[in-house]
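My plan is to look up a few places and write down what I find.

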Amino acid sequence: MLDKFVTYMAIPLVRYAFIVGVLIALCSSLLGVILVLKRFSYIGDGLSHVAFGAMAIAAVVGLADDMVLTLPITILCAILLLATGSNTKIKGDASIAMISVGALAVGYLLMNLFPTSSNVSGDVCTTLFGSTSILTLKKEEVVLCVVLSILVVVLFIAFYNRIFAVTFDESFSKAVGTKVNACNIFIAVIIAVIIVLAMNLVGSLLVSALIIFPALSSMRVFRSFLSVTIFSALLSVACSSLGLILSILYPVPVGATIVAVDITAFIICMIVGKVTGRG
Amino acid sequence: MALLKCKDLTLGYENIELVKGLDFEVNKGEYLCIVGENGAGKSTLMKTILKLRKPLAGSVIYDDGLKSTEIGYLPQQTIVQKDFPASVYEVVLSGCQSHLGRRLFYNAADKERALSNMKRLGIENLKKHCYRELSGGQQQRILLARALCATESMLLLDEPVSGLDPKVTLEMYDLIRNLNKEGITIIMISHDIQSAVRYSSHILHMGSEIFYGTTEEYQRSDEGKKYLFDNNGGDHNA
Ligand SMILES: Nc1ncnc2c1ncn2[C@@H]1O[C@H](COP(=O)(O)OP(=O)(O)O)[C@@H](O)[C@H]1O
Ligand SMILES: [Mg+2]
């Protein structure tokens, strides 16, 4: 088994997948903590469907690099949904659901109307659940992912104190002069970037799982913001590593396996939380 | 000179006008209680003072070198906080965010300020505890300590004792009175007219009739007598 693993890891494409998987898991878990606490867990779901719709449009238009279209559209939607916050006319969760279902339907419709390959349902399945083979990442994608991930982690650490303050109590932060709107837009942009990146790995349906599970698990066991954030990041990296290894060793789809591991971890954390009387 | 002056304020939202012609000022060291029925616009007034909202008309003027961002604010509790994993220290320290300026992280002075305000309110032993697992009274003290980190001159408290039991309520009022004696100007929204009259130096009554004056004047005024009587029920003959 170990032999098999080592042999596989010698292949560059497998290494790429590993690097990308771990980095995305790390970034999405950091943001997950904010999203869960801001009661915006659904936004990951909503935005990933937007990204799916944008990808479909990119495919129809015939763009070689769909990131060019997907990223700006997703960022725009993220800002609209997150940054406008509680003042919007349409209630937050309803507008997320609307945009989410709408983008999904339009994307699917486009893919059927203008099929770019003979296997439409296969394509759709890949975009929704991620590639069944993790050996599809190009080197440029890996480099882009590494750069963006490092950027996200650095920015998160740099703005950690402000992120905490704004997430904990927006009106207090506003009252003492913290630039809350700028902070929210900043968070929205980072989230959009992560989601577009993560879609390559786990597909748009499972992105939100990657975002919320580690945060929820960690919140069961830990009680300070710092410890929740750190544990959430560690747990997410561990779970996706395990998921990746499993999908290398056995014929199981990557995205779904990672999420299954995340769910298992969540159940364990829930039990630990109950036993230690913290849940 | 007044720290804060509100001139001919009109408060409201898009198509409703809540109050009109609100005129009052707050001087250094005063203790102003804002009383009135639910929905009278008390919280809205506080948000306007803090520049979280714009008034429909009129103006809020700061004087004596006070800035709106140098006011300590204790908001009515928000839902998010109910299950937020945060340690007491993290919450109190976040009161120093206005001192960050261009810095990214809190410095030794900020940490010292957080610790000394925790001592001041008698919660230094809770430092490592989880905020959400503490009692309502402890949580309010923590939020008060946070507010103190943001100011040395003025506190705005939005119903600081709502949901607290009588004993803890009394402790909270004592704490606030002591802070006032240390020289901090207090503006507090309160439902509890009896305590408002007992502790405050000035009263602002919002509602169909607006009253602003010293607490003694209020007790002698018609609005004051009526409101005090209405909220007294029959339980005052003890
Ligand atoms: N964001 C808002 N938009 C529209 N109306 C609001 C908003 N916030 C409060 N109100 C309304 O303004 C009135 C006064 O609210 P508030 O200032 O919270 O009253 P109080 O604190 O005196 O109980 C209430 O009737 C409330 O429904
Ligand atoms: Mg109120």
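**Entry: a buried phenylalanine and its partner**

I started with A:Phe266. Its relative accessibility is 16%, so A:Phe266 counts as buried. The cut-off for buried is under 20%. I keep in mind that this is a predicted model.

Next I looked for aromatic pairs. The search of the whole structure gives 14 of them over all chains. In one, the ring centres of A:Phe213 and A:Phe266 are 5.9 Å apart, and the planes meet at 65 degrees, so I noted the pair as edge-to-face. Is A:Phe213 buried or exposed? I read 19% relative accessibility, so A:Phe213 counts as buried.

Which residues do ring pairs link into a cluster? I listed A:Phe156, A:Tyr160, A:Phe164, A:Phe168, A:Phe225, B:Phe84 and B:Tyr131. The list holds residues of chain A and of chain B.

Then I turned to charges. B:Lys127 has its charged end over the ring of B:Tyr89, 4.7 Å from the ring centre. B:Arg146 lies over the face of A:Phe172. There the distance to the ring centre is 3.8 Å.

B:Ser68 sits in the loop between strand S4 (57-62) and strand S5 (71-74) of chain B. B:Ser68 has 12% relative accessibility, so I put this residue down as buried.

**Entry: chain A as a whole**

How many helices and strands does chain A have? I noted 13 helices and zero strands. Read from the N terminus, the elements run α-α-α-α-α-α-α-α-α-α-α-α-α. Chain A has 279 residues, and buried residues make up 52% of them.

I picked out one loop residue here. A:Pro253 lies between helix H12 (225-249) and H13 of chain A. With 39% relative accessibility, A:Pro253 counts as partly exposed. I also took its distance to A:Leu31. The two C-alpha atoms are separated by 25 Å, and the residues are 222 apart along the chain.

Which residues are around ligand 1? I wrote down B:Tyr13, B:Leu18, B:Glu37, B:Asn38, B:Gly39, B:Ala40, B:Gly41, B:Lys42, B:Ser43 and B:Thr44. This shell divides into three nonpolar, five polar and two charged residues. Helix H1 (residues 42-49) of chain B gives the largest share, three residues.

I then noted contacts to oxygen atoms of ligand 1. A backbone N or O atom of B:Gly41 is 3.0 Å from one. For a polar backbone atom of B:Lys42 the distance is 2.8 Å. B:Ser43 uses a polar side-chain atom, at 2.8 Å. Ligand 1 taken alone exposes 560 Å², and the protein buries 59% of that.

**Entry: a residue of helix H1, chain B**

I stayed with helix H1 of chain B and looked up B:Thr48, which is placed there. Its relative accessible area is 3%, so B:Thr48 is buried. B:Thr48 and B:Asn107 are 59 residues apart along the chain, and their C-alpha atoms are separated by 31 Å.

**Entry: positive phi values**

Where is B:Lys51? I found B:Lys51 in the loop between H1 and S4 of chain B. Its phi is near 65 degrees, a positive value in a residue other than glycine. The relative accessible area of B:Lys51 is 53%, so I marked this residue as exposed.

B:Glu159 also went on my page. Its phi is positive, about 45 degrees, although B:Glu159 is not a glycine. B:Glu159 is in the loop between strand S6 (154-158) and helix H5 (166-181) of chain B. B:Glu159 has 10% relative accessibility, so it counts as buried.

Terms used: Residues are numbered from 1 along each chain as its sequence is written. Chains are lettered from A and ligands numbered from 1 in the order in which they are written. This is a predicted model: local features need pLDDT of at least 70, side-chain atom pairs count only at pLDDT 80 or more; totals for chains, interfaces and linings use all residues. Side-chain values use heavy atoms; hydrogens and water are left out. A residue is near a molecule or strand if one of its heavy atoms lies within 4 Å of it. A polar contact is a pair of N or O atoms within 3.5 Å; within protein, one must be able to donate a hydrogen and the other to accept it, and residues adjacent in sequence count only if both atoms are side-chain atoms. Accessible areas come from the Shrake-Rupley method with a 1.4 Å probe; for residues, only the protein chains shown count as cover. Helices (H or I, at least four residues) and strands (E, at least two) are DSSP runs, numbered from the N terminus. Ala, Val, Leu, Ile, Met, Phe, Trp, Tyr, Cys and Pro count as nonpolar, Asp, Glu, Lys and Arg as charged, and the others, Gly among them, as polar. Rings of Phe, Tyr and Trp (its six-membered ring) pair if their centres lie within 6.5 Å; planes under 30 degrees apart count as stacked, over 60 as edge-to-face and the rest as tilted. Buried means under 20% relative accessible area, exposed over 50%, partly exposed in between (1.4 Å probe, protein chains only). A charge sits over a ring if NZ of Lys or CZ of Arg is within 6 Å of the ring centre and within 35 degrees of the ring normal.
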